[in-house]
Every structure is written in C-alpha cells, then in structure tokens.
Amino acid sequence: DAQLQRDSSEATAREIDELHDVHVHAGEFRVHSQVAAGFAHLAPHDATGGVDVFRMALETIPRDGRALIGLYLALQDTSLATEAQLLLPQIDHTVSELLANRRPGEAAMVKAGAHAVRGDLAAGCTALEQLLESAPPGHAGWQIPIDPALAPLRRHERFPRVLALLAARAA
C-alpha cells in the first residue's frame, strides 16, 4: 500500500511538472507556429497576412528573432517598408540578448537571417559555418536547410559547404 501510494504521488508530481513545462513553453510553441504561418503567407506574396501574423507572434515574445526577420521581410513588400528599417537594430539587439542569455546557437541563426535580409549572404553563411564548427554535439543548426528566414542564403556559393558541415555533424 505504501509503495503504491509513493508511486502514485511520484506519477502525479511528474504530471504536474509536465503540465508546468507545457504551460511555460506554450507561448513559445505558439510563436513558432505563428512564425511558420507568417512565412507561409510570404511564399505566395501575401505580405499583409504575413505582417499580421508576425505582429501577433511579437505580442507574445517581443524579441523573437525569426518573427522580427519575418516582419522585416513582410513590411518590405507593403507601403510600410520604411518601418522595416526600424527592425534591423531590434534584430541585432535580439542577437546580443541571446548571446547574453547563453543561447549561442539561436543567436547564430538569427544573426545569419539578419545578414540574409541585409543582402550580405557571405556573412550569413559565415555565421552558420561558425555555428556548425563550434557548437557542441547536438541539434544546433538542424533547421538550416528548411528555415525560410535563411532562404536567401541558399543562393550563395558557400551554402553547400554549410550543408556539408551540417551533414558531418549528423554523421
């Protein structure tokens, strides 16, 4: 009886912890979903829809780097293009915050996206190469091939090297 009660208490504690984790991360999961939806709006040139969704994401996490990059791209295709320029310092500040909070992998991804939207594709590839060469074993960079914020980098001559570095990490 006592063992069953301990097991039950431990299971309940684990469930509470899991629910807490879901609640804590729910906003982040929602933002990831909204960012994906925002980029989906940009693909068929629905900049206005993209602006709306990226702004919703930024209401939840005001300094989300990918949402800021997406909003920048969306605004570029609207009558609000001048507002887009105001986002570049915010994106740079987000990179600094990520580094200060010991999130170098995410910082490198946002930095690469920031270089991409500025048209400096070589610097974007360099940021990804440095990430892949320096990150400890793990998931760093796994989303590079599919991240729409990094899509402009795919045109650069060094992008195949980025993919080769990523493949080597997965081996």
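At roughly what angle do the axes of α3 and α6 cross, and within what distance do they come?

A: The axes of α3 and α6 cross at roughly 10° and come within 9 Å. Here an axis is a line fitted to C-alpha atoms, for helices over the stretch in contact, and angles between N-to-C directions run from 0 to 180 degrees. The crossing angle makes α3 roughly parallel to α6 (under 35 degrees counts as roughly parallel, over 145 as roughly antiparallel, 65 to 115 as roughly perpendicular, and the rest as oblique). On the α3 side the contact is made by Gly65, Arg66, Ile69, Tyr72 and Leu73, and on the α6 side by Val110, Gly113, Ala114 and Val117; contact means heavy atoms within 4.5 Å.

Some conventions apply throughout. The model is predicted, with pLDDT of at least 70 needed for local features and 80 or more for side-chain atom pairs, whereas totals for chains, interfaces and linings use all residues. Residues are numbered from 1 along each chain as its sequence is written, and side-chain values use heavy atoms, with hydrogens and water left out.

The chain that holds this helix pair contains eight helices and zero strands, and its pattern along the sequence is α-α-α-α-α-α-α-α. Both kinds of element are DSSP runs numbered from the N terminus: helices are H or I over at least four residues, strands are E over at least two. Of the 171 residues, 38% are buried (buried is under 20% relative accessible area, exposed is over 50%, and partly exposed lies in between, with a 1.4 Å probe and protein chains only). Among contacts with a separation of 6 or more, 54% join residues 24 or more positions apart. The chain exposes about 9,900 Å², of which carbon and sulfur atoms supply 58%; these areas come from the Shrake-Rupley method with a 1.4 Å probe, and for residues only the protein chains shown count as cover.

Each member of the pair also packs against another helix. For α3 (residues 65–76), that helix is α5 (residues 87–100): their axes come within 9 Å and cross at roughly 165°. The two are therefore roughly antiparallel, and α3 passes α5 in a left-handed crossing. Gly65, Leu68, Ile69, Leu71, Tyr72 and Leu75 of α3 make this contact with Leu87, Leu88, Gln90, Ile91 and Thr94 of α5. A crossing counts as left-handed if the near helix is turned anticlockwise from the far one by less than a right angle, and as right-handed if clockwise.

The axes of α6 and α7 are 7 Å apart, at an angle of about 165°. That makes α6 roughly antiparallel to α7, and their crossing is left-handed. The residues involved are Gly105, Ala108, Met109, Lys111, Ala112, His115 and Ala116 of α6, together with Leu121, Ala123, Gly124, Ala127, Leu128 and Leu131 of α7.

Arg102 lies in the loop between α5 and α6 (104–118). Phi of Arg102 is near 60°, a positive value in a residue other than glycine, and Arg102 is exposed at 76% relative accessible area. Pro152, by contrast, is buried at 18%. Pro152 sits in the loop between α7 (121–134) and α8 (159–170) and touches Ala116 and Leu121, leaving aside residues up to four places away in sequence. Its C-alpha atom is separated by 9.6 Å from that of Asp120, 32 residues apart along the chain.

The ring centres of Phe39 and Phe54 are 5.2 Å apart and the ring planes stand at 75°, so the pair is edge-to-face. Phe39 belongs to helix α1 (residues 2–42) and Phe54 to helix α2 (residues 47–60), 15 residues apart. Rings of Phe, Tyr and Trp (its six-membered ring) pair if their centres lie within 6.5 Å, with planes under 30 degrees apart counted as stacked, over 60 as edge-to-face and the rest as tilted. Phe39 is buried at 8% relative accessibility, and Phe54 is buried at 0%. Gln34, also in helix α1, is buried at 14% and touches Val53, Met56, Ala57 and Thr60, not counting residues up to four places away in sequence. In the loop between α1 and α2 lies His45, which is exposed at 68% and has a positive phi of about 65° although it is not a glycine.
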